[in-house]
Amino acid sequence: MRRRQTPPREVKNALALRPHERILAAARTATEEWVVATDRRLYLPEPGGAVTYQRIPWEQVEHAEWDREEEILRVTAAAPLGRPMPTWRLRFDPPDQRLLALIRERITASVVTERHVPLRGQLGVRVIARRPPAGDPDAADSEIVWALAFDEGLDPNDPDVLESAHRALATVRAEIEP
C-alpha cells in the first residue's frame, strides 16, 4: 500500500488555502510539481517553474481524464463563452489512485444536470448545471453555475446557433430553477 503523499510546507504556503479548507489528496507529478485536491478546489501547477498554482473550484472543472497508457491526467477548466478552455497535461509515475478517485468524485458531485439538446440535426449543445461544494464561503450556498458546451461542427459565434443555445439553456434552467 502506498503512503499518502503530503505536500511540503513551501507548496502549502503557495496554495494560500482559505480558512477551513482541507487538503484531501495530493500527488507529485513526474516533473516534481504538486497537484492538490481540497474539499473546495483543485490546485494545479502554473507553467514556468515557480511554485504557483491555479485554483479551480470543483464546479469549474469542465473535464478530467486519466490516460492509463501515457500515465497523463488531462484537466480542462471552464472558460467564458468564446474563450479557449485552459487545459493541463500532468504526467504521474506512478499514478496516485487516491487523487484520481477524489477528482472523479468531486467533479461528479458538482453536477446538478447535464443535458444534450439537439440544435441542427444530431449536432447540439450540452447544457450543464453545477453547484459548488456545500459550505464554500466563496460561493452562495445554492448558487448554480451554468455552462454550454457546443458539439464539434457547430459554430458558437453563429448568431442563430447562439440564440438556439440560449433558448435551450433557458428551457433547462426553468426546469431546474423554477
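**Figure 1. Arginine 41 in strand β3.** Arginine 41 belongs to strand β3, which covers residues 41-45. The model shown here and in the other views is predicted. Is arginine 41 buried or exposed? Its relative accessibility is 2%, and the cut-off for a buried residue is under 20%, so arginine 41 counts as buried. Its side chain has a polar contact, at 3.2 Å, with the side chain of glutamate 21.

**Figure 2. Proline 45 and its contacts.** Strand β3 also contains proline 45. With a relative accessible area of 6%, proline 45 is buried. Which residues does proline 45 contact, leaving aside neighbours within four places in sequence? They are Glu33, Trp34, Val35, Thr52, Tyr53, Trp88 and Leu90. Valine 11 lies 34 residues from proline 45 in sequence, and the C-alpha atoms of the two are 10.0 Å apart in space.

**Figure 3. The open sheet of 4 strands.** The strands of this sheet follow the order β1-β2-β3-β4, with antiparallel pairing. Strands β1 (23-28) and β4 (53-57) form the edges, each pairing on one side only. From one strand to the next, the twist averages 15°. Strand β2, residues 34-38, is joined to β3 by 2 bridges in the antiparallel sense. Within this pair, valine 36 of the sheet stands opposite tyrosine 43 in β3. Helix α2 packs on the sheet and touches β1, β2 and β3. The direction of α2 makes about 130° with that of β1.

**Figure 4. Strands β6 and β7.** Strand β6 (residues 72-77) pairs with β7 over 5 bridges, in the antiparallel sense. Which residue in β7 is the bridge partner of valine 75? The partner is tryptophan 88. In a regular strand, side chains alternate between the two faces of the sheet. Strand β7, residues 87-91, has a covered face with Trp88 and Leu90. The uncovered face of β7 has Thr87, Arg89 and Arg91.

Figure 5. Helix α2 consists of 14 residues, 97-110. At 1.5 Å a residue the helix should span 20 Å, and its end C-alpha atoms are 20 Å apart, which agrees. The buried residues of α2 are Leu99, Leu100, Leu102, Ile103, Ile107 and Ser110. Why do these residues lie on the same side of α2? They cover an arc of only 165° around the axis, which puts them on the same side of the helix. An α-helix has 3.6 residues a turn, so residues three or four places apart point the same way. The face of α2 turned away from the buried side carries the exposed residues Gln97, Arg104, Thr108 and Ala109. At the start of the helix, a side-chain oxygen of aspartate 96 comes to within 3.1 Å of the backbone nitrogen of arginine 98.

**Figure 6. Leucine 100 in helix α2.** Leucine 100 is part of helix α2. Its relative accessibility of 10% means that leucine 100 counts as buried. Not counting residues up to four places away in sequence, leucine 100 touches Trp66, Leu73 and Pro95. Alanine 37 is 63 residues from leucine 100 along the chain, and their C-alpha atoms are separated by 9.7 Å.

Figure 7. Strand β9, residues 123-130, runs antiparallel to β10 and is joined to it by 6 bridges. Valine 127 has leucine 148 in β10 as its bridge partner.

**Figure 8. The protein as the setting for the close-ups.** The secondary structure comes to 3 helices and 10 strands. Along the sequence, the pattern reads α-β-β-β-β-β-β-β-α-β-β-β-α. Of the 178 residues of the protein, 40% count as buried. The C-alpha atoms fill a box of roughly 50 × 35 × 30 Å, taken along the principal axes.

How values were computed:
Residues numbered from 1 in each chain as written. Predicted model: local features only at pLDDT ≥ 70, side-chain atom pairs only at ≥ 80, totals over all residues. Heavy atoms only, no water. Expected span 1.5 Å × (residues − 1). Buried < 20%, exposed > 50% of the residue type's maximum accessible area, 1.4 Å probe, protein only. Arc of directions from axis to C-beta. Polar contact = N/O pair within 3.5 Å; in protein donor to acceptor, adjacent residues only side chain to side chain. Pairing = 2+ DSSP bridges. Contact = heavy atoms within 4.5 Å. Axes fitted to C-alpha atoms, helices over the stretch in contact; angles between N-to-C directions.
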